[in-house]
Amino acid sequence: MSSPLLLRTLFHLAVLALVPPLLLGIVNRTKSIVGGRVGPPLLQPYRDLAKLLRKGAVYSRTTTWVFRAGPVVGLAAVATAGLLLAMGGAPAAISFTGDFVLFAYLLGLARFFTALAALDTGSPFEGMGAAREVTFASLAEPALFLCLLVLARATGTLSLSGMLGPSLPGAWTVAAPALLLAAIALFVIALAENARIPVDDPNTHLELTMIHEVMVLDHGGPDLAFILYGASLKLFLFGAILSRLALGGTGSEVAAELLFLLGLALFAIAVGAVESVMARFRMIRVPQLLVGASILSAFALVLLLR
Amino acid sequence: MTVPLLLAAIALPSASGLAAVALRRRPAAGQGLACLLVCAGAACGLAAAGAALQGGEIAAPRLSLRLDGLGAVFLAPISLLAAAGSVYGLGYHRQAALGARAIRLQLYYGLAVGGMALLVAASNAIVFLVGWEVMALANFLLVLTDDERGEVQRAAFLYLASTHVGTLALFALFALLGQAAGSFDFAAWQGLSAAGALGARGFVLALLGFGMKAGLVPVHFWLPPAHAAAPSHVSALMSGVVVKTGVYGLLRVTGLLDGVPASWGIALLALGGISAVLGVAFALAQHDLKRLLAYHTVENVGIITLGAGLALLGRARGEPALVLLGFSGAALHVVNHALFKGLLFLGAGAVQHATGTRELDHLGGLARPMRGTALLFVVGAAAIAGLPPLNGFVSEWLVTLGFLRGLGRPAGDVLAFLALGAPVLAFVGGLAAACFAKVVGVAFLGNPRTGPAREAHEAPPSMLAPMAVLAAACAAIGLAPSLAIAPLGGAAAAWARLDPGALAEAAAEASSGAARVSLVAAGLLAAVALAVLLRRRLLAAAPRAPATETWGCGFSAPSARIQYTGSSFAALLVARFSWAIFPRGPTPHLAGPFPGPAELRTEVPDTVLDLGLLPAARAYGWLATRARLLYLRRIQFQMLLVLVTLVAFLAWGFVW
Amino acid sequence: MSSLVELAFILVVVIDLFLLASSRLGAAIRTVAIQGALLATLPLLLLTDAHDLGHALVLALGALAVKGIVVPRMMFSAIREASIRREMEPIVGFVPSMVLGAIGVALAFAFSSRLPLPRGEMHPFLVPTALSTVWAGLLLVVSRKKAVNQVLGFLVLENGVFVFGLLLSDFMPLMVEAGVLLDLFAAVFVMGIVMFHINREFSSLDTEKLSALRD
């Protein structure tokens, strides 16, 4: 790898490691401002993580090694998925044909172990959360694949580095409507996968309304820190794809990087805005929403295939 | 050197049962010797398969045997799983405890393995059918092992009837092809044209015969009862390799014919897709552990058929890349599925051995007494869900790459619409992950729900060792996929009768991708190790607290009964499939503001069998009884029947 | 110009799919009005030198008035009269009808180029959009229980036929449009009367109650 590319990749890895909690901070700040409050400082999630890392953890007698493995595997899988992601127009740290399949399945691995850790507690709350999470995830997976396939067809490549790489801005001139539909569907999927309104409410603890929050009820201390950081990483991953898709960016490399970071911030603000103006959907409506997102991206794909 | 290996691979397992019979006064020694013979045969089989994949084929023309790349891909899992099951049986189905029943089981087990080895090495249709029938009959007798239970008798009868319908179709198929080519040798059938009436009829017969054995929807209905009723190591063999012989037959016959039309590939894709989706949907609704695993076999056979369909489509349309990706994906998934399904069935057997029940909602909390089994079962569950860094991901990745080949086609080409198959595979993978989260969570995690689950004990080492070997094989293929993919390119070229050079480019791309997959898998393991170390450091430095009750939002009187059951876990997803799955069961009667205890029980009948075939059979029986009564009542009706038949024959003679 | 037309067609199809999924009657009526307004702009967007501007303008304004303003207003007064706001689970559930609609759209877009139709210089998305809209309208009529939703389905069906009519307006200009609009008006008129009578009889617009009629 040439040295400017190496430098860029290292920069991206640093961004991957350090920026995700800032996204959470932006989301919370946006929600507060729209709600008329001042809200927590932007760097609050970092302080929360530091506090949690210092704490000890209480474990239930019912749990086994699976409960302790859940947060660990969840974080490791999402972080490894970050290695496959192309940011700012540059190729990813690792890329190959069909790497987006590995990307999606790594996220699936994280979800699998989180669900197992939830079931390990023997509590019906966590069981309920795990059941809902795997149900909605199995509906969101094909939607994610369809959006990525639209990108693949539009740019003519089969790896994330190609799909989010230099040919993407050019693809907008040829396939704008399809890419727009795919972007909308991808935003909906990002909301669903990251347990945001309208699919799940990250601030609630009522049985009727929880999905992701309820799965992590019994975790504490460093485990909860891993989970929180892993969730912010997942939000970052989706934000990175959307940022590159929506804002593109030709021109110099520095401009592309700045545009990428700006896009991330805009994504976080958009998530916060949606959370502030919409109410959570009823649980029965969530499958309709996810199937709707799949159909939208499938329509976009058919437009490109015909 | 290699021909004796092949012969040993066939003969040694077949003879292993006799050792058990001969030493029946000393059961432990007898069973041990039989196991040794099976393992020796398995080792020869693995060596022969390796030689055939590396160098070329192993041929013994006078015995009508020929092991080429395609056969070797199937012989390897047959041997490995046979050995694993045999070692497992030392602890699970001990001859010292079970006497004559165990002797019979070993006899038939050996014959089944020998029959399978014979049929994948056959170069002649007659030898193929001999191996096929030996395998089928031995399997029937194996399913009938615990024959005092009614459920077992019904399952075995269903199995026998279905396999013989399939074999009948195969007789017809081979007769058709043999007549067209003038001989029953596979070599003579090479180059027969698949176009026209011969091809069409042959394909339908092949789908019926081989599809019945493989368990494609809608002829899968015999699979769940049979695999649930058999002993666990037999179920592992059946799910792992016996159903794959159907896939082998399909690949062999379509490989021999020339000019395969694209519609065959599309038909296989459609059947594979339906089997995959419906298989996993039915599995979600089950609460019997082994029946659930059997439905997952239907799903995975669907995935293998998707790969085979891609390969056929590639041959029809002249796309070597599609041939390579489809064939490699299918072949690798054959091996992978044998490994992880074998592991899962052996684990289910350990659970049944420890608790005496297969009912998921009676288990729970088994991970504490059965640490090793739980760990290995989680590995198997992650593998079957297609999660990295295990082997299930690699084969699903290859098949997905095959579907994505269509994305490079110009607009308006029908092949371009192949890309819509990739999200279907992702959907199936997501559902499989959901189902296995349910299985592992309900059976192994949480609190034990009933007495037998509380008194569970760990399985003996003779049962854990084969499971560990299979799990290690899963991990090995997942971490080093390029080693597994490399020999498949040659097998694909031989099967499609293409020049290996035509496949070279696609093979190189797949290999380089596989190398990167290894890199990411290694990175994942490193990340996990790092995270574990970090967590240990942090927890060591932090203040300690004693273990306590689960908080679960502060519910103060938890019991094992309030946990989510398997049916509740899967309820949302099963409701999505209400157009295909029809749960039945008595609804509990709850009256008044403080109702008394009530019971809820649901049962999910197999739609094809219980809602289709059995009612049709009953209706036919009713009709036949009525017709027979009518026929017997008066002599005039009998004479009328004779008259009508006579007139019909005369008319047919005139018209023809 | 052609990208605007393409966007319009795609929006029409997206609206079809949204209608199949929505359960709130107010939102559905507004959406059909938007679809009608979109379709009203199409004659102007598809204008080439062969047509005359005045004719296209009359057509567009007429369609906008009827589809975008008059009919939605009538529908709103109908539901206010019967005071219903939501469709409960229809005969074919929301998700299956979305999936069926999507399959119809995919088949239309994939295979419409093989249909023997006179295309001339028309946009390649025109026929698939028309077919998809007709299919969505039929699905709505067949699968919904509330009479208002069935009328909406009929309106969507008419929208689809209108798009088809644009294809033929080269050959039979004024007749086709007049026929279509009159047809539409008559159907809504009749449906309005029917709904009024159903509502008066049962105090509800659930067509399932019709099957309770016995001799």
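These notebook entries record what I looked up in the predicted model of chains A and B.

**Conventions.** I worked with a predicted model, in which local features need pLDDT of at least 70 and side-chain atom pairs count only at pLDDT 80 or more, while totals for chains, interfaces and linings use all residues. Residues are numbered from 1 along each chain as its sequence is written, and chains are lettered from A and ligands numbered from 1 in the order in which they are written.

**Entry 1: domains of chain B.** I looked up the domain assignment of chain B, which gives domain 1 as 339-534 + 564-582 and domain 2 as 607-655. Such bounds come from an automatic or database domain assignment. I noted that the C-alpha centres of these two domains of chain B lie 50 Å apart.

Entry 2: I counted residues in contact (C-beta atoms, placed from the backbone, within 7 Å). On this criterion, 70 residues of chain A are in contact with 68 residues of chain B. On the chain A side, at least two residues each come from α3 (44-54), α4 (65-83), α5 (99-119), α6 (124-155), α10 (222-247) and α12 (285-305). Helices here are DSSP runs of H or I with at least four residues, strands are runs of E with at least two, and both are numbered from the N terminus. I found that α6(A) gives the most to this side of chain A, with 19 residues.

**Entry 3: α8 against α12 in chain A.** I examined helix α8 (residues 167-193) of chain A and α12(A), whose axes come within 9 Å and cross at roughly 160 degrees. The axes are lines fitted to C-alpha atoms, for helices over the stretch in contact, and angles run from 0 to 180 degrees between N-to-C directions. The two helices are therefore roughly antiparallel to each other, a term used for angles over 145 degrees. I recorded the crossing of α8(A) and α12(A) as left-handed, that is, with the near helix turned anticlockwise from the far one by less than a right angle. Among the residues making the contact are A:Leu181 and A:Val188 of α8(A), and A:Leu296 and A:Phe299 of α12(A). The residues of this contact divide into 18 nonpolar, 1 polar and no charged.

**Entry 4: B:Asp68.** I located B:Asp68 in the loop between β2 (65-67) and α3 (69-92) of chain B. B:Asp68 counts as buried because 23 C-beta neighbours lie inside 10 Å; the cut-off for buried is 20 or more other C-beta atoms within 10 Å, and for exposed 12 or fewer. B:Asp68 and B:Glu57 are 11 residues apart in sequence and 4.4 Å apart in space, C-alpha to C-alpha. Leaving out residues up to four places away in sequence, I found B:Asp68 touching B:Ala52, B:Glu57 and B:Ala494.

**Entry 5: backbone exceptions.** Most residues other than glycine have a negative phi, and most peptide bonds are trans. I noted a cis peptide bond between A:Ile197 and A:Pro198, with omega about 10 degrees, and another between B:Pro388 and B:Pro389, with omega about 0 degrees. A:Ala195 is not a glycine, yet has a positive phi of about 60 degrees; A:Ala195 is buried, with 21 C-beta neighbours inside 10 Å. B:Arg497 likewise has a positive phi, of about 50 degrees, but is exposed, with 12 other C-beta atoms within 10 Å.

Technical notes: Two residues are in contact if their C-beta atoms, placed from the backbone, lie within 7 Å. Angles under 35 degrees count as roughly parallel, over 145 as roughly antiparallel, 65 to 115 as roughly perpendicular and the rest as oblique. Ala, Val, Leu, Ile, Met, Phe, Trp, Tyr, Cys and Pro count as nonpolar, Asp, Glu, Lys and Arg as charged, and the others, Gly among them, as polar.
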